Amino acid sequence: MVRGEREPAEFRTPVPPHICPAIRFPAMEYIDVLGICGSVRAGSLNRALLLTARELAPAPFRVEAWDGNAEVPRVDATMGRPFPPVVAALRDRVAAADVLLLVTPELNRSIPGAMKDIVDWLGILAPPRPLAGKPVVLMSASPNRFGGAFAQLQLADLLRRSGAEVLSDLDVAVGYAHRHVDDHGVLVGEEPRHDIAELWQRVLTHVQSHRQVVPA
Ligand SMILES: Cc1cc2nc3c(=O)[nH]c(=O)nc-3n(C[C@H](O)[C@H](O)[C@H](O)COP(=O)(O)O)c2cc1C
């Protein structure tokens with residue numbers, strides 16, 4: 001099976017990778033990564049991190065930086081059914097992605113409300129259950145020395161409780177990030193760039209070890 005001939009989402013999302021790895025990562029020409037940043041602030045350090053992660057992702061990764069964050073409504077007690085259009089589109093997009101990359105700011109040692117809303121919307125147990133078994137990579141950036149590590153830990157916990165498979169937390173937590181971002185919003189720091197590149201290699205190894213072997 002190649003890209004463009006994907007199986008229906010309901011067959012893919014709820015299957016734990018350790019039970020049927022071939023279904024989690026069907027043979028593919030590229031690895032589709034959806035990147036979401038938890039900040040819409042102009043000059044966001046985390047957006048700079050997301051864009052740099054996209055830049056450094058080696059083939060066969062293709063990283064889309066999703067930009068609908070500002071449109072996402074708050075989750076309410078009705079759980080929003082029918083889902084607001086932006087949420088429905090996001091849920092479908094995440095379900096279709098091979099890997100979800102969440103880049104989170106840290107506020108008061110925790111996840112910003114915007115990121116929490118996104119994860120709560122994604123975690124609602126209705127088809128296509130976008131977080132079920134979804135491989136997720138976490139990154140963060142902050143001006144302090146911990147680089148958003150507390151937010152990542154909380155986000156990882158939240159995601160695991162929602163059924164996602166967190167492939168990486170704390171591998172990329174860019175401390176003193178304001179010192180590493182240039183005027184064009186590019187993360188230029190050598191060390192964080194090295195960490196990002198290394199993390200992509202690990203994710204690639206993971207994906208390749210789970211992908212379907214196509215008979216010649
Ligand atoms: C209310 C508030 C609380 C914050 N708390 C933390 C914190 O606990 N840890 C931290 O590393 N940075 C904290 N910060 C600083 C943010 O990490 C910083 O503003 C960062 O640039 C936000 O991410 P962004 O640049 O992607 O928008 C806080 C900022 C605000 C406004």
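## Overall architecture

The chain contains 7 helices and 6 strands. Read from the N terminus, these elements follow the order α-α-β-α-β-α-β-α-β-α-β-β-α. The model is predicted, with a mean pLDDT of 87 over the chain and 84% of its residues at 70 or more. Residues 1–23 have a pLDDT below 50, and in the model this stretch makes 35 contacts beyond near neighbours in sequence.

The chain has 216 residues, of which 37% are buried. Among contacts with a separation of 6 or more, 78% are accounted for by residues 24 or more positions apart.

## Surroundings of the ligand

Around the ligand there are 15 residues, and those that come nearest are Ser 39, Ser 44, Asn 46, Pro 105 and Ser 142. Sorted by class, this shell consists of 5 nonpolar, 7 polar and 3 charged residues.

## Helix H5 and its cover

Helix H5 spans residues 113–123, and its residues Met 115, Ile 118, Val 119, Trp 121 and Leu 122 are buried. These residues lie on the same side of H5, because the arc they cover around the axis is only 160°.

## Helix H6 and its cover

Helix H6 is built from 13 residues; the distance from its first C-alpha to its last is 18 Å, close to the 18 Å expected at 1.5 Å a residue. Its buried residues include Ala 151, Gln 152, Leu 155 and Leu 159. Since these cover an arc of only 95° around the axis, they fall on the same side of H6.

Helix H5 is again part of the picture: the buried residues of H6 are covered by elements including H5 and the strands S3, S4, S5 and S6. Just after H6, Gly 163 adopts a positive phi of about 95°.

Helix H7 covers residues 190–210, 21 residues in total, and reaches 31 Å from its first C-alpha to its last, close to the 30 Å expected at 1.5 Å a residue. Pro 192, Ile 196, Leu 199, Trp 200, Val 203 and Val 207 are the buried residues of H7. They are placed on the same side of H7, because they cover an arc of only 105° around the axis. The other side of H7 carries the exposed residues Glu 190, Glu 191, His 194, Gln 201, Thr 205, Gln 208 and Ser 209.

## Arg 54 in helix H3

Arg 54 belongs to helix H3, which runs over residues 45–56. Arg 54 has 17 C-beta neighbours inside 10 Å and therefore counts as partly exposed, as a residue is buried if 20 or more other C-beta atoms lie within 10 Å of its own and exposed if 12 or fewer.

Apart from its neighbours within four places in sequence, Arg 54 is in contact with Gly 35, Val 63 and Ala 65. The C-alpha atoms of Arg 54 and Val 33 are 9.0 Å apart in space, while the two residues are 21 residues apart in sequence.

## Backbone exceptions in the loops

Most residues other than glycine have a negative phi, and most peptide bonds are trans. Ala 59 and Pro 60 are joined by a cis peptide bond with omega of about 10°, and Pro 60 sits in the loop between H3 and strand S2 (61–66). A cis peptide bond also joins Pro 127 to Pro 128, with omega of about 10°; Pro 128 is located in the loop between H5 and strand S4 (135–141).

Leu 170, although not a glycine, has a positive phi of about 75°. Leu 170 is located in the loop that links strand S5 (165–168) with strand S6 (173–174), and it counts as partly exposed because it has 15 C-beta neighbours inside 10 Å. Tyr 176 likewise has a positive phi, near 45°, in a residue other than glycine. Tyr 176 occupies the loop between S6 and H7 and is partly exposed, with 15 other C-beta atoms within 10 Å.

Note on methods
Residues are numbered from 1 along each chain as its sequence is written. This is a predicted model: local features need pLDDT of at least 70, side-chain atom pairs count only at pLDDT 80 or more; totals for chains, interfaces and linings use all residues. A residue is near a molecule or strand if its C-beta atom, placed from the backbone, lies within 6 Å of it. Ala, Val, Leu, Ile, Met, Phe, Trp, Tyr, Cys and Pro count as nonpolar, Asp, Glu, Lys and Arg as charged, and the others, Gly among them, as polar. pLDDT is the predictor's confidence in each residue, from 0 to 100. Two residues are in contact if their C-beta atoms, placed from the backbone, lie within 7 Å. Helices (H or I, at least four residues) and strands (E, at least two) are DSSP runs, numbered from the N terminus. The expected span of a helix is 1.5 Å times one less than its number of residues. The arc is that of the directions from the helix axis to the C-beta atoms.
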